[in-house]
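The following exercises are to be worked through with the sequence and the model in view. Each task is followed by a solution in steps.

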Amino acid sequence: MKKISRLPKIAEPTIEQALEEFLAEQSKTLKPKTAAEYRDVIQLFKDCMNGYAHQSLSKAESSFFEKHYNAEGQEHKEFCQLFGPDKIAENTGEFLDHFLIRKVIAGGDFKRLAGTVIKKLSKWLAEKGYISEQDAQELSFLSEIPYSRIKSVITFYTLYNLKKT
């Protein structure tokens with residue numbers, strides 16, 4: 001008998017939906033200029049995930065992603081339109097360490113703003129039950145350390161977590 005493998009399905013909510021919900025809630029308490037800056041950070045974070053996050057997917061997830069990404073017209077979907085907010089935590093380091101610094105070439109003020117937004121986002125994701133409290137604390141920690149040290153900290157946490165398993 002042949003083994004039937006099931007591909008993942010489109011998450012509910014998707015990363016895109018969760019981030020829009022986050023921005024809508026934040027906009028209620030922020031000044032318009034600050035809300036626009038938050039929107040800019042989140043848009044860049046989505047651009048980062050849409051461009052790079054697929055590289056860390058499992059084989060089944062990669063097949064699912066490629067099927068939708070390579071589709072034509074309305075069937076075409078980006079990473080953030082397919083996967084759920086549980087994928088946000090594992091892609092934050094790439095955004096803060098690589099994307100903002102090497103692709104966007106962001107200045108210090110924007111990097112600090114991005115750290116603030118990621119910290120608030122991580123707390124919000126945990127409150128909504130999209131990520132664990134531990135993941136939220138780690139994301140909060142990443143958003144506060146100097147950007148030159150993020151890569152070494154991520155490497156340390158990765159090696160530490162591999163040792164524990």
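**Exercise 1.** Does Cys-48 count as buried or exposed, and why?

*Solution.* The structure is a predicted model. A residue counts as buried under 20% relative accessible area. Cys-48 has a relative accessibility of 1%, and therefore counts as buried. By the same cut-off, Cys-80 is buried because its relative accessibility is 0%.

**Exercise 2.** Determine how many disulfides the structure holds.

*Solution.* A disulfide requires two cysteine sulfur atoms within 2.5 Å. For Cys-48, the nearest cysteine sulfur is that of Cys-80, 9.0 Å away. The number of disulfides in the structure is zero.

**Exercise 3.** Identify the residues joined by a cis peptide bond, and locate the proline.

*Solution.* The bond between Glu-12 and Pro-13 has an omega of about 0°, and it is cis. Most peptide bonds are trans. Pro-13 lies in the segment before helix H1, which spans 15–27.

**Exercise 4.** Which residues of helix H3 are buried, and how are they arranged around its axis?

*Solution.* Helix H3 comprises residues 59–69, and its buried residues are Glu-61, Ser-62, Phe-64, Phe-65 and His-68. Viewed down the axis of H3, these buried residues fall within an arc of 165°, so they line one face of the helix. The face turned away from this buried side carries the exposed residues Lys-59 and Lys-67.

Note on methods:
Residues numbered from 1 in each chain as written. Predicted model: local features only at pLDDT ≥ 70, side-chain atom pairs only at ≥ 80, totals over all residues. Heavy atoms only, no water. Buried < 20%, exposed > 50% of the residue type's maximum accessible area, 1.4 Å probe, protein only. Helix = DSSP H or I, 4+ residues; strand = E, 2+ residues; numbered from the N terminus. Arc of directions from axis to C-beta.
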